[in-house]
Amino acid sequence: MSYYFSTIVNDSFSNAIQKVTDALKTEGFGILTEIDMKATLKKKLDVDIAPYTILGACNPPFAYQALQAEDKIGTMLPCNVIIQEKAPGKVEVSAVDPAASMQAIQNVELEKIAGTVREKLQKVIQHLAK
């Protein structure tokens, strides 16, 4: 089992971020964090990488259910989605597979929730692939 889902978006990096944000919103996710890895690594290490942004996405009802099932689940939240420019006009979008990452916890109730969140994130990636 892979730990992520991925697709290529043929658009600019900034447009791809907006498309991802909109697709996540359609599935009930909001963005809690946005980390610009390119800027961060330039500032901290003075290295250059291609544009790479990490979005910390959260679906509050499912986050609440997960917390009820496993009080330490916050160590694995939010659901990360990465956007990275592979070439001008070619942007890869990858989302974590929560079902894969939750296998280590061995909580049946959490597995059900992760499966539902997995389906929603797969829909986001499928929507972007169109």
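A crossing of two helices is right-handed if the near helix is turned clockwise from the far one by less than a right angle. The views below show a predicted model.

**View 1. Helices H1 and H5 cross in a right-handed sense.** Two packed helices are described by the angle between their axes and the distance between the axes. For H1 and H5 the angle is about 135 degrees, and the axes lie 9 Å apart. The two helices are therefore oblique to each other, since angles over 145 degrees would be needed for roughly antiparallel.

**View 2. Residues of H1 meet residues of H5.** H1 brings Lys19, Val20, Ala23 and Leu24. H5 brings Leu121, Val124, His127 and Leu128. By type, the contact holds six nonpolar residues, one polar and one charged.

**View 3. The largest nonpolar core has 29 residues.** Val20, Leu24, Ile83, Val93 and Leu121 have the most contacts inside this core. Elements giving two or more residues include strand E1 (4–9), helix H1 (13–26), strand E4 (79–87) and helix H5 (108–128). H5 gives the most, with eight residues.

**View 4. Surroundings of Ile83.** Residues up to four places away in sequence are not counted here. Ile83 touches Phe13, Ala16, Ile17 and Val20, among others. Its partners also include Pro51, Tyr52, Thr53 and Leu55. Val91, Glu92 and Val93 are touched as well.

**View 5. Ile8 lies in strand E1.** Ile8 counts as partly exposed because its relative accessibility is 35%. Beyond its neighbours within four places in sequence, Ile8 is in contact with Lys90, Val91, Glu92 and Leu128. Ile8 and Lys90 are 82 residues apart along the chain, yet their C-alpha atoms are separated by 6.6 Å.

Key
Residues numbered from 1 in each chain as written. Predicted model: local features only at pLDDT ≥ 70, side-chain atom pairs only at ≥ 80, totals over all residues. Heavy atoms only, no water. Core = buried A, V, L, I, M, F, W, Y, C linked by side-chain atoms within 4.5 Å. Buried < 20%, exposed > 50% of the residue type's maximum accessible area, 1.4 Å probe, protein only. Helix = DSSP H or I, 4+ residues; strand = E, 2+ residues; numbered from the N terminus. Contact = heavy atoms within 4.5 Å. Axes fitted to C-alpha atoms, helices over the stretch in contact; angles between N-to-C directions. Parallel < 35°, antiparallel > 145°, perpendicular 65-115°, else oblique. Nonpolar A, V, L, I, M, F, W, Y, C, P; charged D, E, K, R; others polar.
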